[in-house]
Amino acid sequence: MQQLSYLSPGLARIHPDWETVLNSPSITDKLAAIDRQLAQQQQAGKTLFPPPPQVFNALTFTAPADVKVVILGQDPYHGAGEAMGLSFSVPDGVRVPPSLRNIYKELSADLGLGIPASGDLSHWAQQGVLLLNSVFTVEQDQAGSHGKLGWQAVSDALIDAVNAQSPGCVFLLWGNWAQTKAERIDQSRHLALTAAHPSPLSASRGFHGCRHFSQVNAWLIAHGRDPIRWAGAAPQSSLF
């Protein structure tokens, strides 16, 4: 992996099996261009999220061949202390954001689990759930501000790697944007489940009641893979 300015701390942490994807010439060039723009913004005094060591956090837990589930998000949370490099996840102790609250509500309704007190989804990632945002960085308080830096080419390459290398996984495509990625998925080998986005603006239009979590585990078991333990180690709480 080439030495970059802003992105190097995050790249140093990724699982080595992702390096082949990120070392392809087209992606290397794209990362170099993104790195220059991020470094310039940082030098201009802008605050960027997540912190550099966590930019590629989603790629630190498992190899592409071991991914069981992909949950696609769009871009990181833009509030201070929220983004941690995993789609929909926030660090322990940070207030659970509205979309994640709705994910937890559906998880509870589907599997009868309690509502987790923590918004940290690292325990999902540790089991092979790739919590992947299309865009990996954002400027503080500026939602979608890095949507044109070129990150989509990187995340598309990562989706393609899972599509090619995983023996079979489930892609959870929530919302119209995520559903545009369905064309990249070989659905003769993988399962793609679609629903409305869990945002409060759309969750009532098809996310609530989708029962994706039970469907994921049923599919994994049927294909000889261990199911996901969706309940975390964090204390359960009635936040809602």
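## A tour around strand β5

Start with two strands: 3 bridges join β2 (residues 69-73) to β5, and the two run parallel. Keep in mind that this is a predicted model.

Stop 1: Select V70 and F171. V70 stands opposite F171 in β5.

**Stop 2: the β6 side.** Pick out L172 on β5. Its opposite residue in β6 is L193.

**Stop 3: β5 itself.** Select residues 170-174 and show side chains. Is this strand mostly covered or mostly open? It is mostly covered, with 5 of its 5 residues buried. Look along the strand to sort the side chains. V170, L172 and W174 point one way from β5. F171 and L173 point the other way. Both sets are buried. Side chains in a regular strand alternate between the two faces of the sheet.

**Stop 4: a loop glycine.** Move on from β6 towards α8 (212-222). G209 is found in the loop between these two elements. Is G209 buried or exposed? G209 has a relative accessible area of 54%, over the 50% cut-off, so G209 counts as exposed. P98 and G209 are 111 residues apart along the chain.

**Stop 5: the whole chain.** Zoom out and colour by secondary structure. The protein has 8 helices and 6 strands. From the N terminus on, the order is α-α-α-β-β-α-α-β-β-α-β-α-β-α. The radius of gyration is 17 Å, close to the 18 Å from the globule rule for 240 residues, so the protein is as compact as a globular protein of that length. Along its principal axes, the C-alpha trace spans about 50 × 40 × 30 Å.

Stop 6: Buried residues make up 52% of the 240 residues. Then turn to contacts. Among those between residues at least 6 apart in sequence, 69% join residues at least 24 apart.

**Last stop: confidence.** Colour by pLDDT. The mean for the protein is 94, and 95% of the residues reach 70 or more. Which stretch falls below 50? Select residues 233-240 to find it. Beyond near neighbours in sequence, this stretch has 18 contacts in the model.

Methods:
Residues are numbered from 1 along each chain as its sequence is written. This is a predicted model: local features need pLDDT of at least 70, side-chain atom pairs count only at pLDDT 80 or more; totals for chains, interfaces and linings use all residues. Side-chain values use heavy atoms; hydrogens and water are left out. Buried means under 20% relative accessible area, exposed over 50%, partly exposed in between (1.4 Å probe, protein chains only). Helices (H or I, at least four residues) and strands (E, at least two) are DSSP runs, numbered from the N terminus. Two strands pair if DSSP finds at least two bridges between them. pLDDT is the predictor's confidence in each residue, from 0 to 100. Contact means heavy atoms within 4.5 Å. The radius of gyration is taken over C-alpha atoms; the globule rule is 2.2 Å times the number of residues to the power 0.38.
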